[in-house]
Amino acid sequence: MRNRGLHDALRAFALEAAAMLSDELATGAEIDFDLEDQSSRGGPPLYHYRPLAGRFIADRWIALRFLPSAAEACAALDHGAAAYLRLSGLRGAEAEPALQAMLERLYEDMSDFAFPEERFERVYAEVEGTLYERSQSATVLVPVHGLEMHGARVELGDGLCLIRGDQTDAPDEAVWGDPADPVAERGAQAAGHGPGSPNALLVLDRDVAPDDPMPLADARSEFRRLLFGMRLFKPGGIALAAVAWRRTGDGRWQPFELESTGDARGVPWILVEGEEAELGEFLPAVSQVPTGGPVAWALARFQMGCGRRLELEALSDYLMALRALIDEGGSSLALRVAVLCAEEHERRQVQRRIELAQALEQLVIDDGAGDASMGQAGTESPHTLVGETERHLRALLRDVLCGYLASDLRRVADELLLDQPEPFEIHAASLKRGPVTAAARPVEDTVRTARFERADASPEVADDEGQLGLDDPECWSAPV
């Protein structure tokens with residue numbers, strides 16, 4: 001089998017069609033028969049009744065073509081329709097006639113519609129052989145550091161899948177890692193893998209003509225797109241290996257280098273059982289990434305932060321991304337993050353913690369990040385402050401890409417601030433620096449107070465999805 005996605009889509013349609021056609025027979029419909037003379041020349045007459053299952057299927061094709069699995073089967077067959085129609089002695093290039101021809105072939109000379117498993121595999125082999133008779137498979141794969149999978153395989157569409165390494169014939173270096181590679185070792189530790197645990201692999205399968213080059217450019221693009229989407233989907237340390245592997249057909253695996261995607265820092269990125277469908281819906285939703293402007297710049301900074309080895313380095317990436325999105329060089333970053341990312345009763349706390357994250361960043365810049373000076377940024381650990389900052393940034397980026405928030409987040413935040421139902425006391429930490437260093441200046445000494453009065457109009461709020469809390473696993477958006 002060279003195309004699992006095509007096989008599964010056609011099989012699902014054939015099973016659903018079998019159930020519908022069997023119900024038709026059970027409610028009184030009958031299959032017509034043709035009387036054929038099979039006698040030899042000069043011999044006694046021998047007649048054979050041949051079931052006309054194809055006619056039965058054709059009479060009900062209008063209903064069959066609207067089965068839920070039909071559209072997916074047509075999409076999977078796609079450009080192979082013309083080749084299979086030619087094999088069946090028909091003309092055209094549409095997927096539906098090819099699907100009907102396959103179904104008629106499946107039940108040829110049969111008097112019932114019980115699903116014939118072995119015959120389906122033979123018919124599918126004909127379909128696949130027709131589609132790929134002048135092509136060969138090309139496989140590109142890369143180990144994914146920090147990924148923990150509870151299942152053995154996850155289909156991601158368009159020839160992409162995540163698969164546990166020990167379920168493939170990939171080279172040992174890809175499956176088990178290179179003990180001399182410190183990045184791979186850190187990734188294994190992040191995912192909780194011991195020395196004998198296989199890597200998860202991201203695999204791209206394509207069919208190419210014998211003279212076509214390997215789809216390496218497609219693989220690089222798709223791999224980075226998937227990594228970007230998975231980092232936006234949920235927290236966890238995840239990165240691609242620096243060495244990927246390729247092969248054509250059953251040939252030898254050959255390594256090649258990928259551009260670095262950083263380290264798999266911190267806790268593993270866990271794909272729990274049952275989460276595959278949600279991930280499959282989310283990835284296309286964030287596939288349209290802007291090519292320029294503050295949002296594109298913030299997305300790039302978010303990616304950099306997710307791949308940093310040290311959390312304190314990642315903190316600056318996250319804060320710079322937030323400043324590009326909502327601050328534009330001002331001093332209201334914490335305030336705007338709070339109004340965009342927290343429910344009303346939690347905004348003061350979120351504002352304060354973003355101020356602490358900014359103070360922590362300044363301590364690092366001023367070379368005061370030792371144990372003695374860390375206390376100036378509050379009692380919470382740097383790990384907690386970095387994690388919360390990353391969480392708020394992730395929520396805002398997802399909301400913008402999924403269309404829940406306009407890309408001008410500064411304007412959205414300011415409108416929400418002016419529409420507060422009650423006078424709202426705002427504490428904003430001044431980021432101005434005098435002759436005294438940030439390490440020696442208590443954060444409390446820099447607090448200023450402002451007050452916004454209620455506007456006449458009530459705030460415009462997002463839809464229900466946009467109002468769910470960040471801790472709700474069913475929601476992708478920040479609570480606006």
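**Reading the model**

Reply: In the protein chain, confidence is lowest in strand 13 (residues 447-452), with a mean of 34, and highest in strand 8 (residues 239-240), at 96. The score is pLDDT, the predictor's confidence in each residue, from 0 to 100, while helices (H or I, at least four residues) and strands (E, at least two) are DSSP runs, numbered from the N terminus. This is a predicted model, in which local features need pLDDT of at least 70 and side-chain atom pairs count only at pLDDT 80 or more, whereas totals for chains, interfaces and linings use all residues. Residues are numbered from 1 along each chain as its sequence is written, and side-chain values use heavy atoms, with hydrogens and water left out.

Me: What does the protein chain average in pLDDT, and over which residues does pLDDT stay under 50?

Reply: The average is 79, and 74% of the residues score at least 70. Residues 427-477 stay under 50, and for them the model has 109 contacts beyond four places in sequence, a contact meaning heavy atoms within 4.5 Å. Residues 369-374 also stay under 50, with nine such contacts.

Me: How many helices and strands are there in the protein chain, and which strands does strand 9 pair with?

Reply: There are 18 helices and 13 strands. Two strands pair if DSSP finds at least two bridges between them. Strand 3 (residues 136-145) and strand 9 (residues 243-248) run antiparallel and are joined by four bridges, with R246 in strand 9 as the bridge partner of V140. Strand 9 also pairs with strand 10 (residues 254-257), again in the antiparallel sense and over four bridges, and here P255 in strand 10 is the bridge partner of W245. The hairpin of strand 9 and strand 10 has five residues between the strands, and in this hairpin G249 takes a positive phi near 60°.

Me: How many residues of helix 14 are buried?

Reply: Buried means under 20% relative accessible area, exposed over 50%, and partly exposed in between (1.4 Å probe, protein chains only). Of the 480 residues of the protein chain, 45% count as buried. Helix 14 (residues 333-341) is mostly covered, since nine of its nine residues are buried, including R336 and C341.

Me: How is a pair of aromatic rings described, and how many aromatic pairs does the structure hold?

Reply: Such a pair is described by the distance of the centres and the angle of the planes. Rings of Phe, Tyr and Trp (its six-membered ring) pair if their centres lie within 6.5 Å, and planes under 30 degrees apart count as stacked, over 60 as edge-to-face and the rest as tilted. The structure holds eight aromatic pairs. One of them, Y107 with F113, is edge-to-face, at 5.0 Å centre to centre and 65° between the planes. The rings of F233 and F282 have centres 5.3 Å apart and planes at 55°, so this pair is tilted. Because F233 lies in helix 10 (residues 216-233) and F282 in helix 11 (residues 276-285), the pair ties together parts that are 49 residues apart in sequence. F233 counts as buried at 6% relative accessibility, and F282 is buried at 0%.

Me: Which residue lies over the face of F56?

Reply: A charge sits over a ring if NZ of Lys or CZ of Arg is within 6 Å of the ring centre and within 35 degrees of the ring normal. R60 lies over the face of F56, at 3.6 Å from the ring centre, and F56 forms one aromatic cluster with Y107 and F113. K234 lies over the face of W269, at 5.4 Å from the ring centre.
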